[in-house]
Amino acid sequence: MRAGVETESDDVETVVRVDHLQLRYPRSRKPVIDDLTWNVAAGCTGLLGPNGAGKTTLIRALTGDLRPRQGTIRFNAGDAVIGHVPQGCTIPGHLRVGDALAYIAWMNGVRPPDLDEHVDVALSAVGLTEHRRHRVSMLSGGQRQRLLIAAGIAHRPSVLILDEPTAGLDPAQRLHVRRAIAELDVSCVLIATHLLEDVEVMCEHVAVLVNGGVQWQGRTEDFADTLTGHQISSDYGSPLEAAYESFVESLGMS
């Protein structure tokens, strides 16, 4: 098994640069993320890792919600606008869809004269235009998740970060959400997930976070090629799932 971090080819545009990052939980001496250096490419990247690997903690740092103990996070565009859809996020059911989006866009800096246009574009992007005047409580689970994505893009970010965007959805709902994400006009999308099938169909790049650092990064289609001298069985899963399981086991995280 070949461990260590693969590098993207020189022609891949880097959008986010993470250098020697260290993150800790409050009142904890042990870092969750330790000396992490990672380049996030343009396009869609899947962030994988076992439970407790620090994916959500890393996302909090990327979105500015958690201050690093050490290291830096730099965006290639100094004035980059970040959109974020946290895991488990909800919008109150009594609100109307359009009103909720307008409020969230305003909270993210959109001027009142521009709110209607921003709401229209965000709803169109996720296929919810006809639900603008409906109450959030009337939406299905998949529609509510697409509404959250619309909330994440209503202020037109250049970087969108999604934490488990399809968790808990049935297969049909998941397909609708995947389609909405795939068709977004955002230069960089980062998806933290446990669902390898989401990564296979949506993500051009993958990064595996284990033991406090990114142990592999590169093109999704190349991930299985990192396994040398190991038999990969995909009898009960896809080749990507089998490659991920074998890779994590090689790092002592089985």
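Where is the place of R144? I found R144 in helix 4, residues 141-153 (helices are DSSP runs of H or I with at least four residues, strands runs of E with at least two, numbered from the N terminus).

The model is predicted, so I noted the limits: local features need pLDDT of at least 70, side-chain atom pairs count only at pLDDT 80 or more, and totals for chains, interfaces and linings use all residues. Residues are numbered from 1 along each chain as its sequence is written, and side-chain values use heavy atoms, with hydrogens and water left out.

I looked up R144 next. R144 is partly exposed at a relative accessible area of 38%, because that term covers values between buried (under 20%) and exposed (over 50%), with a 1.4 Å probe and protein chains only. Beyond its neighbours within four places in sequence, R144 is in contact with V136, S137 and L139 (contact means heavy atoms within 4.5 Å). I also checked V97, which lies 47 residues from R144 in sequence and 9.5 Å away in space, C-alpha to C-alpha.

I then turned to strands 1 and 2. Strand 1 (residues 14-24) and strand 2 (residues 31-41) run antiparallel and are joined by 7 bridges (strands pair if DSSP finds at least two bridges between them). R17 has N39 in strand 2 as its bridge partner. The two strands form a hairpin with 6 residues between them, and R27 in the turn has a positive phi of about 65 degrees.

My last entry is on helix 4 and helix 5. Residues G141, G142, Q145, R146 and I149 of helix 4 meet Q173, H176, V177, A180 and I181 of helix 5.
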